[in-house]
Amino acid sequence: MKLANLAVKAVLLSGAVLTIAAVGRAGDIKGKVSVQGLKSPVNIAVYVDAIPGKKFDAPTEHVVVDQKKMEFIPHVVVILQGTTVDFTNSDPVGHNVYWPSISGNKKLTHNLGTWPKGDKKSFQFNDMGVAPLLCNVHPEMSGYVVVVATPYFAVTDKDGNYEIKNVPAGKYTLKTWSEDGKPTTQSVDVTESGATADLTVKK
Amino acid sequence: MGDERFRTKVAFALFSGMMFIGMLLVSVPSGKAIPAFSRKYQTSCTTCHNNYPELNDFGLAFKKNGFKFPKDDEMFVKEAVVMLGSKATKEAFPEAVYPGEIPGTIPISFRYEGNLTWNAKQPEPVQTVGFVPRTDLFVPNTFTIISAGSFGDNLSFWIDDDISAGASGANGGLGDGWLKYSDIGRMFHLPKNSLNVRFGQFELDLPFTQARTPYLSGYDIFGQGALAQGGPCSATETVCQTTNNPFVLGTPQRGIEFGGYPNNGNFTWSVAIVDGTNSAYGLSNTLTTRNTKDVYVRVSQQFNLERDPESRHAIQAAGPTGPRDHTSIRLGAFYYHGDNEQNYGGSQFAFLNTISEPFYRVGGDIRFKYRKLELFGVGLVGHDDNHLVDTVAQTIVPAHAVTFTGGFVAGNYWIYPWLIGTMRYDFVNSPSDFINSVSEDQTRNRFSPGYQILLRANIKIVGEYQYHWGVPYTGATGLTQFYRPHMFATGIDYVF
């Protein structure tokens with residue numbers, strides 16, 4: 001009897017471990033974005049769209065967007081909804097950051113003001129969408145903050161390659177955003193070993 | 001004889017008036033915007049200009065720094081320069097040529113301006129001596145080539161030339177053409193930028209530039225010369241006055257200028273020694289050579305009124321929506337002294353030696369800036385010594401000086417960064433103009449409201465209406481009558 005109880009407990013324990021292991025197992029989504037009609041596949045945001053019934057807490061760590069040599073660095077940054085972005089100024093000239101809208105909604109326009117080299121200003125992005133970053137003195141400067149619903153995202157490199165790490169197994173919708181191209185959507189099935197998804201972005 | 005002399009005077013007055021008005025239309029400021037810098041730094045014109053060619057505070061600092069970013073210029077340059085020797089060669093000097101640099105690409109820019117003009121109807125007697133059509137659909141104004149930049153540490157240059165002025169194929173002239181050594185004062189352990197030197201042909205350090213004004217027309221007072229009553233001595237006159245000084249403040253001069261901008265650029269000073277002969281600048285009969293040299297002095301002090309000390313000392317103020325020009329008041333004064341010489345070798349009066357007529361121009365200026373508003377003005381007094389020559393008695397005695405006063409008050413308002421409303425009031429009080437029948441009374445005034453629309457950072461539509469003083473003419477009754485040669489001009493202006 002004692003042995004049977006032990007065996008049952010062992011099976012239950014193993015099952016729990018296996019379940020936990022199965023649940024914790026995640027893979028990476030990798031792939032390449034190719035373009036049609038666009039100059040380059042660089043700086044294209046690739047992200048997992050909202051998962052029904054799933055909410056993610058915003059990270060406590062801030063994301064940094066710098067202004068250096070009259071450029072926003074990085075040019076495109078993707079963040080989870082609710083993330084705070086620190087805008088720093090590494091230039092010896094005055095800059096400011098503002099966006100005229102978020103995904104075309106002008107009610108969400110915001111201007112952070114002006115700050116000198118070494119200082120920073122922060123903003124928590126609670127609204128989904130794309131905020132085009134501008135500087136009102138240097139109109140050639142531009143950048144983008146893409147606010148998404150999940151923490152699973154990446155930005156393509158100069159060759160169009162991307163990698164989204166630690167995506168739990170399951171079926172998802174993969175989306176892209178790019179400055180000059182149309183959004184694309186593709187389903188992806190992520191297993192324990194991950195998934196590969198190549199996408200095409202058209203003008 | 002009397003009637004003939006009167007008609008000659010009227011004709012001369014009308015001709016002078018037409019020439020003057022023509023100069024207002026033709027002598028639109030040569031372009032001073034410099035898209036070559038835009039290419040060098042891969043940045044928009046609006047980095048330095050709030051309404052090209054007018055400079056914002058950053059643009060002014062850029063210019064004062066020898067056309068380099070005020071701080072850490074190298075990190076902003078997107079076009080590689082050509083090094084004329086490695087930096088280490090500095091240590092080898094004087095055994096080697098001191099190293100310098102030239103721009104990586106030839107820093108050439110072009111500016112083109114042309115206007116539609118509408119003119120008030122001229123009375124028939126005026127049409128016979130100087131017809132101007134009611135409307136001219138397009139008057140090509142100027143096509144200017146500009147080259148400017150830096151030759152490395154401390155050396156900067158500027159050359160601009162009107163390839164075409166006033167009409168297709170017409171020859172323009174060199175505007176500015178100079179080389180500048182900045183901060184030569186450090187050799188004498190002076191504060192940074194307190195002593196610079198510039199040599200060549202250049203617009204004087206005027207409180208408000210004539211060559212780089214964004215307005216369609218120049219400031220009248222800067223185009224005022226000095227002419228004794230009755231005009232220059234003619235062959236038929238036995239007694240006449242001598243003053244005949246074509247010098248005008250607003251035209252480029254040739255010489256050397258010392259200057260500086262210590263105290264964070266808020267205090268400026270300059271002393272220029274020039275020929276005083278005006279430049280050809282595409283205008284005829286303005287070049288008069290003489291042995292004497294002239295001196296021009298200017299000082300100004302700007303008071304930044306920003307409350308935040310850090311903002312006050314920065315190149316631009318930290319506005320709530322972005323960097324902007326400082327709220328400020330600038331006060332200045334200037335003085336020009338010259339000695340006009342005539343009758344070299346007895347060319348006009350064989351019985352006289354060279355006639356020397358010292359003259360001066362002295363004035364003050366003020367400028368106030370607050371957010372989108374800019375108000376400014378100049379007051380000026382001109383004084384030329386004068387003589388009375390009796391060709392029969394062969395004597396010369398001093399006569400009443402030829403004097404004039406005048407100036408302008410103006411305002412610009414940025415309704416939007418691309419839409420600017422302008423207004424100016426020019427006034428010139430010249431008894432000589434009145435005696436020479438150029439103006440209705442001793443005062444020539446005009447209102448000039450206008451607009452500037454920046455279609456792009458480098459393209460604009462400009463417009464100006466000029467409400468003028470009365471110009472005399474002889475009517476059908478034989479009496480002197482007056483009419484107002486109002487004018488409206490609007491046109492295009494683009495640089496690349």
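Of the 203 residues of chain A in this predicted model, 32% count as buried, a residue being buried if 20 or more other C-beta atoms, placed from the backbone, lie within 10 Å of its own, exposed if 12 or fewer do, and partly exposed in between. In chain B, buried residues make up 43% of the 496 residues. Residues are numbered from 1 along each chain as its sequence is written, while chains are lettered from A and ligands numbered from 1 in the order in which they are written. As this is a predicted model, local features need pLDDT of at least 70 and side-chain atom pairs count only at pLDDT 80 or more, whereas totals for chains, interfaces and linings use all residues.

The scores of the model are ipTM 0.75 and pTM 0.83. For chain B the mean pLDDT (the predictor's confidence in each residue, from 0 to 100) is 86, and 90% of the residues of chain B reach 70 or more. One stretch deserves a careful eye: over residues 6–33 of chain B the pLDDT is below 50, and beyond near neighbours in sequence this stretch has 62 contacts in the model. Here and below, two residues are in contact if their C-beta atoms, placed from the backbone, lie within 7 Å.

Turning to the folds, the secondary structure of chain A comes to 1 helix and 17 strands, and that of chain B to 7 helices and 27 strands. Helices (H or I, at least four residues) and strands (E, at least two) are DSSP runs, numbered from the N terminus. Among contacts with a separation of 6 or more, residues 24 or more positions apart account for 62% in chain A and for 59% in chain B.

Chain A is divided into domain 1, made of residues 26–49 and 160–203, and domain 2, residues 57–148; the bounds come from an automatic or database domain assignment. A distance of 24 Å separates the C-alpha centres of domain 1 and domain 2 of chain A. Their contact takes 5 residues from domain 1 of chain A and 7 residues from domain 2 of chain A. On the domain 1 side, these residues divide into 3 nonpolar, 1 polar and 1 charged, where Ala, Val, Leu, Ile, Met, Phe, Trp, Tyr, Cys and Pro count as nonpolar, Asp, Glu, Lys and Arg as charged, and the others, Gly among them, as polar.

Strand E3 (residues 63–68) of chain A pairs with E4(A) in the antiparallel sense over 3 bridges, and Gln67(A) has Phe72(A) in E4(A) as its bridge partner. E3(A) and strand E6 (residues 84–89) of chain A run parallel and are joined by 5 bridges; here Val64(A) stands opposite Asp86(A) in E6(A). E6(A) and E9(A) pair in the antiparallel sense, again over 5 bridges, with Val85(A) opposite Phe123(A) in E9(A).

Between the chains, 16 residues of chain A are in contact with 17 residues of chain B. On the chain A side, the elements that give two or more residues are strand E7 (95–99) and strand E8 (110–115) of chain A. E8(A) supplies the largest share, 4 residues. By class, this side of chain A has 7 nonpolar, 7 polar and 2 charged residues.

Within chain B, helix H3 (residues 57–64) is mostly covered, as 6 of its 8 residues are buried. The buried residues of H3(B) are Asp57(B), Phe58(B), Gly59(B), Ala61(B), Phe62(B) and Lys64(B). Their cover includes strand E1 (49–51) and strand E2 (54–55) of chain B. Just after H3(B), Gly66(B) takes a positive phi of about 75°.

Finally, Phe496(B) is found in the segment after strand E27 (487–495) of chain B. Phe496(B) counts as partly exposed because it has 14 C-beta neighbours inside 10 Å. Not counting residues up to four places away in sequence, Phe496(B) touches Pro35(B), Ser109(B), Phe110(B) and Asn458(B). Phe496(B) and Ala228(B), 268 residues apart in sequence, are 45 Å apart in space, C-alpha to C-alpha.

Conventions
Two strands pair if DSSP finds at least two bridges between them.
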